[in-house]
Amino acid sequence: MKKLFIAAPLALCASVAIADDLQAKVEDMMLKSFKANGIASLDRQKQDAVQKACSSPTQPDADTMKRLEAAELATIQWPSDGNYTGGDWKEGQKIAASGRGLTWTDKTPDNNGGGCYNCHAMDPKEVSEGTIGPSLEGYAKLRGNSEEVVKYTWGKLWNSKAYNACSDMPRNGYGGILTEAQIRHVMAYLFDPASPVNQ
Amino acid sequence: MRKQLKAIAVSVGVALAAPVFAQEELNFDAYREMLADGNPAELYEMEGEELWRTARGPKNATLEQCDLGLGAGVVAGAAAQLPRFFKDTGKVQDLESRLMHCMETLQGIPSEEIVKGKFLQGERGKVAALVAYVVTQSKGEKIAVDLSHPKMKEMYELGERAFYYRTGAMDFSCASCHSQDDKRIRATQLPNITKPEGAAAGWGSWPAYRVSNSQFWTMQHRLWDCFRQQRTAEPIFASDVTIALSVFMAGKGNGAEAQWPGVKR
């Protein structure tokens with residue numbers, strides 16, 4: 001146990017040879033212990049900047065976080081026609097409830113679920129809801145629908161890492177998990193006054 | 001009040017396969033206790049015990065000379081001390097990779113057949129039955145994994161790094177779901193594996209019989225499905241990452257009582 005406490009600060013210091021050696025071994029292991037299967041290719045085993053920076057129990061320093069977040073923010077695609085919330089909340093509900101897609105047993109990449117309920121409470125009447133993310137019950141009722149809130153929500157759904165580089169939430173738009181049309185439906189589920197989320 | 005009602009409603013959901021429990025927490029413990037004396041995993045244990053004693057494979061030999069770490073043929077208490085470093089292979093091996101080694105050396109059954117096979121089928125399915133038999137001989141034993149060998153130390157450290165290693169289409173690592181107390185995915189409770197109690201809860205309750213699909217799942221099988229849900233590429237059976245994560249969990253859970261074989265939703 002003591003060893004662990006010694007190892008953690010060392011890992012933060014890139015100039016320490018032992019830590020670098022271990023890091024190289026982990027990267028090698030995370031590639032060689034896996035094989036491609038269907039749509040799950042070995043590219044998935046290579047980390048991008050955000051994944052790499054957020055792979056320890058401690059977050060990077062504030063400057064690094066800001067730099068990463070700025071780069072992620074630049075990837076967000078805002079709706080071309082300015083239509084943020086005009087989707088169908090009923091479609092959004094289906095997307096929020098489905099945790100399907102992108103595993104090596106899934107075939108197609110364009111009808112994935114958003115898996116929202118895996119981690120968030122949304123419809124107060126839904127009993128099977130995860131608790132890793134904050135509750136989104138009464139989302140628009142509590143937050144309103146100002147331009148700022150609407151834009152933030154779209155951005156968060158598209159690329160959560162733009163607002164917290166080490167967020168647990170997947171990058172739905174940037175990562176090709178959800179399409180623009182699907183994100184608009186989820187927006188409607190969150191903002192439409194008729195949506196169960198706001199009852 | 002609403003939360004309480006929700007908890008009861010979820011319990012009713014669980015009751016599709018189990019009696020109703022009006023509990024505040026969404027848990028499965030009461031159901032598990034009821035099954036403790038009649039765990040369907042017993043059927044796999046019996047099959048595994050028979051496989052252990054039956055002459056099979058190109059060499060027509062039994063596994064009774066298999067050394068699981070405590071000497072040739074010693075099964076009692078062996079699982080509680082796995083994974084461990086084995087001198088004869090020069091490798092850290094978990095129970096499944098060690099059984100695979102014994103099947104190859106003693107019986108002549110090629111490891112490749114198991115590595116390239118599928119869970120619940122063929123020789124890999126037989127490994128699972130043998131696992132059920134072996135872990136039952138460590139029921140109630142305390143997890144006692146020896147981390148003193150340098151290769152074990154290294155595997156532990158690699159396992160810890162792998163635990164936090166974010167990758168795949170959804171940026172998940174093991175830590176995304178298993179590094180906080182009292183969290184759930186939908187109605188499923190998640191052990192906090194960064195703490196000894198949580199690591200022991202995870203390590204010490206697999207392999208397990210899964211009521212929802214009537215299947216017996218080994219730890220290799222469980223880790224494989226964790227990675228599937230993480231949206232990584234497919235982990236290779238008994239590969240280093242599976243052994244490293246096993247050493248990390250078992251090592252952190254050291255000293256806690258193993259509940260093998262477990263019962264899971």
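Me: Which residue stands opposite B:E234 in β7(B)?
Reply: A:K35 does. Strands are DSSP runs of E, at least two residues, and helices runs of H or I, at least four, numbered from the N terminus. This is a predicted model, in which local features need pLDDT of at least 70 and side-chain atom pairs pLDDT 80 or more, while totals for chains, interfaces and linings use all residues. Residues count from 1 along each chain as written, with chains lettered from A and ligands numbered from 1 in written order.

Me: How many bridges join β1 of chain A to β7(B)?
Reply: Pairing requires at least two DSSP bridges. Here 2 bridges join β1 (residues 34–35) of chain A to β7(B), and the strands run antiparallel.

Me: How many residues of chain B are in contact with chain A?
Reply: Contact means C-beta atoms, placed from the backbone, within 7 Å. On that basis 36 residues of chain B touch 39 of chain A. Elements giving two or more residues to the chain B side include α1 (2–14), α7 (150–164) and β7 (234–235). The largest share, 5 residues, comes from α7(B).

Me: At what angle do α5 and α9 of chain A cross?
Reply: Axes are lines fitted to C-alpha atoms over the stretch in contact, with angles from 0 to 180 degrees between N-to-C directions. The axes of α5 (residues 89–97) and α9 (residues 180–191) of chain A come within 7 Å and cross at roughly 105 degrees. That makes α5(A) roughly perpendicular to α9(A) (65 to 115 degrees). Among the residues making the contact are A:W89 and A:I95 of α5(A), and A:V186 and A:Y189 of α9(A).

Notes. Contact = placed C-beta atoms within 7 Å. Parallel < 35°, antiparallel > 145°, perpendicular 65-115°, else oblique.
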